[in-house]
Amino acid sequence: MIWLVFALLSVVGLLFMGLPLRHRSSRTPVPADATDAVLMDQLDEVRRDLERGVISDTEATAAEQEIKRRILVQSRRSVLSDGKPAAGAA
């Protein structure tokens, strides 16, 4: 009798784990505009951290360069994917 309960609980557990895996994800990719907005917010945050003294000038410069590099990469991907510049790209 106990083995029947264990088997039933195992089947129920497998169903709970397996059902989400069977359904296809309907998520859409993040648009480039949202990515650009996140990167711009990161730049603002680095500037605020520098003003508050949370990070040093060297760290702020390095972080800004990295974020600007990511913005360039994102804008280049956007240009390559649809042939026209991304919004806000010069």
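Is Trp 3 buried or exposed? Select Trp 3: at 66% relative accessibility, Trp 3 counts as exposed. The cut-offs are under 20% relative accessible area for buried, over 50% for exposed, and partly exposed in between, with a 1.4 Å probe and protein chains only.

This is a predicted model, where local features need pLDDT of at least 70, side-chain atom pairs count only at pLDDT 80 or more, and totals for chains, interfaces and linings use all residues. Residues are numbered from 1 along each chain as its sequence is written, and side-chain values use heavy atoms, leaving out hydrogens and water.

**The aromatic pair**

Trp 3 and Phe 6 sit 3 residues apart in helix 1 (residues 2-22), so about one helical turn separates them. The structure holds 1 aromatic pair. The ring centres of Trp 3 and Phe 6 are 5.6 Å apart and the planes meet at 80°, so the pair is edge-to-face. Rings of Phe, Tyr and Trp (its six-membered ring) pair if their centres lie within 6.5 Å; planes under 30 degrees apart are stacked, over 60 edge-to-face, and the rest tilted.

**The core**

Now select Leu 39, Leu 43, Val 46, Ala 60 and Ile 67, the largest nonpolar core. Such a core is a set of buried Ala, Val, Leu, Ile, Met, Phe, Trp, Tyr and Cys residues joined through side-chain atoms within 4.5 Å. Helix 2 gives the most, with 3.

Centre on Leu 43. Not counting residues up to four places away in sequence, Leu 43 touches Glu 64, Ile 67, Lys 68 and Ile 71, with heavy atoms within 4.5 Å.

Conventions
Helices (H or I, at least four residues) and strands (E, at least two) are DSSP runs, numbered from the N terminus.
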